Amino acid sequence: MADEAARAKLDVLGIAGSLRAGSFNRSLLRAAQELAPAGMQITAFDLAPIPLYNADVEAKGDPEPVGALKSAIRRADALLIVTPEYNFGMPGVLKNAIDWASRPPRSSVLLGKPAAIMGATPGMGGTGRAQLQLRQAFLFTQTLAVLSPEVLVARAGEKFDAAGRLTDEPTRKFVAQLLQALADWTARLAPKKS
């Protein structure tokens, strides 16, 4: 009964690590919104307005886009990060957002937040290295990422149509399984109510 109540409404913040409007990863995030299990709502957050991290700027107070990011993460029950892979790692725009969100370190909005990770690439690697790098960053921020299933979308050009819709059925199934795992993980981590 408690698990059902926890799943009744689950607000997930979706973040694509690509700024390009037509990117495969933004399309994969839209597919996740479509495939979300009952009770889960995924809201996309655009990283384009986030400035480069600068401790001097931070000392004067978070810029408005950074405050908006932190508020969105704080309000969300869980995160869904969709990352491309650039040069064997996660994109700078995504790492920059994590750097901002991780401040202050011992009380950041990322601390203890459930998360799921997936990614798409035109190449054969399926974003495995970028996802590993993101998981390493999450060790420091103590963001609790789902371990499996892994969603590593390789040869993405063959799996999305010209309009950016995910058409590959096995990939759609993996995305749905990851989202269900995120829902289960978030319910498991939810504080027990007496």
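Helices (H or I, at least four residues) and strands (E, at least two) are DSSP runs, numbered from the N terminus. The model described here is predicted, so local features need pLDDT of at least 70 and side-chain atom pairs count only at pLDDT 80 or more, while totals for chains, interfaces and linings use all residues. Residues are numbered from 1 along each chain as its sequence is written, and side-chain values use heavy atoms, with hydrogens and water left out.

Two packed helices are described by the angle between their axes and the distance between the axes. Helix α4 (residues 64-75) packs on helix α5 (residues 92-101) at an angle of about 75 degrees, and the axes are 10 Å apart. That angle makes the two helices, α4 and α5, roughly perpendicular. Axes here are lines fitted to C-alpha atoms, for helices over the stretch in contact, with angles running from 0 to 180 degrees between N-to-C directions; angles under 35 degrees count as roughly parallel, over 145 as roughly antiparallel, 65 to 115 as roughly perpendicular and the rest as oblique. On the α4 side the contact (heavy atoms within 4.5 Å) is made by V66, L69, K70 and I73, which meet A97, W100 and A101 of α5. The residues of this contact between α4 and α5 divide into 6 nonpolar, no polar and 1 charged. In this grouping Ala, Val, Leu, Ile, Met, Phe, Trp, Tyr, Cys and Pro count as nonpolar, Asp, Glu, Lys and Arg as charged, and the others, Gly among them, as polar.

Helix α4 itself has 12 residues, and its first and last C-alpha atoms are 16 Å apart, close to the 16 Å expected at 1.5 Å a residue. The expected span of a helix is 1.5 Å times one less than its number of residues. Buried residues of α4 are V66, L69, K70, A72 and I73, where buried means under 20% relative accessible area, exposed over 50% and partly exposed in between (1.4 Å probe, protein chains only). Seen down the axis of α4, these buried residues fall within an arc of 160 degrees, so they line one face of the helix; the arc is that of the directions from the helix axis to the C-beta atoms. E64, R74 and R75 are exposed on the other side of α4. The cover over the buried residues of α4 includes β1 (10-16), β2 (40-45), β3 and α5.

In α5, the buried residues are L94, N96, A97, I98, W100 and A101. They pack against β1, α3 (55-59), α4, β3 and α6.

A130, Q131, L134, R135, A137, F138 and T141 are buried in α6. These residues cover an arc of only 160 degrees around the axis, which puts them on the same side of α6. The face turned away from that buried side carries the exposed residues L132, L139 and F140. Among the elements covering the buried residues of α6 are β3 (78-82), α5, β4 (114-120), β5 (144-145) and β6 (151-153).

M40 belongs to strand β2 and, at 9% relative accessibility, counts as buried. Leaving aside residues up to four places away in sequence, M40 touches L10, V12, L179, L182 and A183. P51 sits in the loop between β2 and α3 and is partly exposed, with a relative accessible area of 28%. With the same exclusion of residues up to four places away, P51 touches P63, V66, N96 and W100.

A cis peptide bond, with omega about -10 degrees, joins R103 and P104, and P104 lies in the loop between α5 and β4. The bond from S148 to P149 is also cis, with omega near 5 degrees; P149 has its place in the loop between β5 and β6. R155 is found in the loop between β6 and α7 (169-189); its phi is near 50 degrees, a positive value in a residue other than glycine. At 37% relative accessibility, R155 counts as partly exposed.
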